[in-house]
Each structure stands twice: as structure tokens, then as C-alpha cells.
Amino acid sequence: RGLGYVYKRQEHYMKKQVVAIVGILAATAIMIYLAALYGNRNRFDYLKDLDKTVFTLDGTDYQLRDMTYYIARQEKEIEKQAMVYDPDDTNAYWGLHTNGKFVRLEAKRAVLDRVAHDMMFYEAAKKEGMELDEKEKQYARDSASDLCYDLSDEQKERAGLTDEEIYEMTDKAALAEKYQKILADKEGENFGAYDYNGKAYEKMLEEHKLKVKKKFWDKVPFGNVTLNHKFEDQEDES
């Protein structure tokens, strides 16, 4: 068949190799693009994600924005305890492991439980036409004012939290607390029984529909919202 035939076969073989290489490069480029796109969609940005739903309670969605007041209060409380434990390294307390549980993760879990608890009781209080009296309003205003003062402008900005939201959420929490007191008295229970981790409340919660978007909530960097901590385990284990 001669050299011409050999050259044609070599040329055909080389073309097939080029096509294969181009195909592999194209497929790789597509995979890289999709990975980047998926990564961007799943990247957490606290301020941009404020309007994303964290949990749904009895058909009502509650966003990260609704959690921020509670996150700020809880971070402030834990940091206060951390300063007592080790003023030179507050990370030490946040990362403490006691009774088989991490302080930071338990505190974060408490935030979620408290918000669900307060929103349930707040809505129940509204349905019954409950309102704060003047003394209760003043107590709530003082509490809100303390938090507004304790948080710096930078901390509020980091959390996307305004003074107006602090006052509004403090009022809601106060009305929820009022409902809890009245409910406990009515049922002949102590106040703590209807707290967010109380037995009577836990039993009551079974009659409601609560659905948490755990994957999203796990991304919330509790301890690093109003504060500036750095933890080894940025991905929560809750």
C-alpha cells in the first residue's frame, strides 16, 4: 500500500487524538465552571443571607434576620462568661467541652430553641390580645437600651442589626415571657417548666409543626457574628 497509506493512517490517528484531547479539555472546563457555580451558590454571606429561612413554625417562615437579636444576646452572654474563665484567651471557653458537649455548639442550639419558643408564645399572646403594660414596656425598653449600648456600631453592622430591630425584638421577647408566666400559672406549673428547654414546653411543642433548615443553620458562624473569634471547626456539628 506504500508510504501514502501509512501517512494517511497516521494523520487519521492524530486527528482522533486531537478530538479526544479537545473533548477532555471541554469536559474539564465544564466541570470547573459547575463546581465554581455551585460553590458560589452555597457560600455563606451573613448579611446577604439575612432574608433566608432558618425554620418554619406552624406554616410561618422565620429568617436569619429574626435570629440576629438572639444571636447577639447569646454571643454577648457567652463572651462575658469567657472573660471570667480566661480573660487572656476567650476562645478557650468557647471551645470548652463539658458533659460531652461543646459550649459554643450548645449555646448556638439554645439560640434556635429560644427563637422558636418565643415566636410560638408571642403569636399565641397576640391571638389572645395580650399586650405589655407600662411597667413591662419600660423594663423591655431598658433591656433593649442596654444591648444597644453594649454592642458597638461595628458589631451591629457585622450582624445587620439596627437599634430599631433590637427594641422591636425585645418587645416580642417580653410579650412571649408574659404569655409564659400566665400559661404556667394557668397550668399550675412553675415558670421554668415552660422555658425553651422545659418539660411542659417540650410536650407542648409536639403539638406544633417545626421544621429547621439544618444545613443552612449549620453554616451560621455563631461566636463570630458580632464577635471576631476564629474556631478550628467552622462547620458546626449540631
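How far apart in helix α7 are Lys181 and Glu177, counted in helical turns? Being four residues apart in helix α7 (residues 163-187), they are separated by about one helical turn. The structure is a predicted model, in which local features need pLDDT of at least 70, side-chain atom pairs count only at pLDDT 80 or more, and totals for chains, interfaces and linings use all residues. Residues are numbered from 1 along each chain as its sequence is written, and side-chain values use heavy atoms, with hydrogens and water left out. Helices (H or I, at least four residues) and strands (E, at least two) are DSSP runs, numbered from the N terminus.

**Sheet**

- Three strands make an open sheet in the order β2-β1-β5, and their pairing is antiparallel. Two strands pair if DSSP finds at least two bridges between them.
- β2 (60-63) and β5 (210-212) are the edge strands, each pairing on one side only.
- From one strand to the next, the twist averages 20°.
- The antiparallel strands β1 and β2 are joined by four bridges.
- Phe55 stands opposite Tyr62 in β2, and Leu57 has Thr60 in β2 as its bridge partner.
- β1 and β2 form a hairpin with two residues between them. Asp58, in the turn, has a positive phi of about 50°.
- In a regular strand the side chains alternate between the two faces of the sheet.

**Helices against the sheet**

- α2 lies across β1 and β2 and runs at about 55° to β2.
- α4 lies across β1, β2 and β5, running at about 45° to β1.
- For such angles, axes are lines fitted to C-alpha atoms, for helices over the stretch in contact, and the angles run from 0 to 180 degrees between N-to-C directions.

**Helices against α7**

- α4 and α7 pack with their axes 8 Å apart, at an angle of about 75°. That makes α4 roughly perpendicular to α7. Angles of 65 to 115 degrees count as roughly perpendicular, under 35 as roughly parallel, over 145 as roughly antiparallel and the rest as oblique.
- Residues of α4 in this contact include His117, Phe121, Tyr122 and Lys126, and those of α7 include Met169, Leu175, Tyr179 and Leu183. Contact means heavy atoms within 4.5 Å.
- The axes of α2 and α7 cross at roughly 85° and come within 10 Å. The two helices are therefore roughly perpendicular to each other.
- On the α2 side, Arg65, Asp66, Tyr69, Tyr70 and Arg73 meet Glu165, Ile166, Met169, Thr170 and Ala173 in α7.

**Nonpolar core**

- In soluble globular proteins, nonpolar side chains tend to be buried together.
- Here the largest nonpolar core has 57 residues. A nonpolar core is a set of buried Ala, Val, Leu, Ile, Met, Phe, Trp, Tyr and Cys residues joined through side-chain atoms within 4.5 Å.
- Phe55, Leu64, Met67, Ile71, Phe121 and Trp217 have the most contacts inside this core.
- Among the elements that each supply at least two residues of this core are β1 (53-57), α2 (64-85), α5 (134-150) and α9 (214-219).
- The largest share, twelve residues, comes from α4.
- Met67 touches Val54, Phe55, Val111, Leu112, Val115 and Trp217, not counting residues up to four places away in sequence.

**Salt bridges**

- A search of the whole structure finds twelve salt bridges. A salt bridge is a side-chain nitrogen of Lys or Arg within 4 Å of a carboxyl oxygen of Asp or Glu.
- Asp49 forms one with Lys52, and their closest N and O atoms are 3.2 Å apart. Asp49 counts as buried because its relative accessibility is 6%, whereas Lys52, at 38%, counts as partly exposed. Buried means under 20% relative accessible area, exposed over 50% and partly exposed in between (1.4 Å probe, protein chains only).
- Lys126 and Glu123 meet in a salt bridge at 3.8 Å, N to O. Being three residues apart in helix α4 (residues 103-127), they are separated by about one helical turn. Lys126 is partly exposed at 43% relative accessibility, and Glu123 is partly exposed at 29%.
- Lys181 and Glu177 also meet in a salt bridge, at 3.9 Å, N to O. Both count as partly exposed, Lys181 at 43% relative accessibility and Glu177 at 35%.
- Salt bridges that share partners join Asp51, Arg65 and Glu165 into one network.
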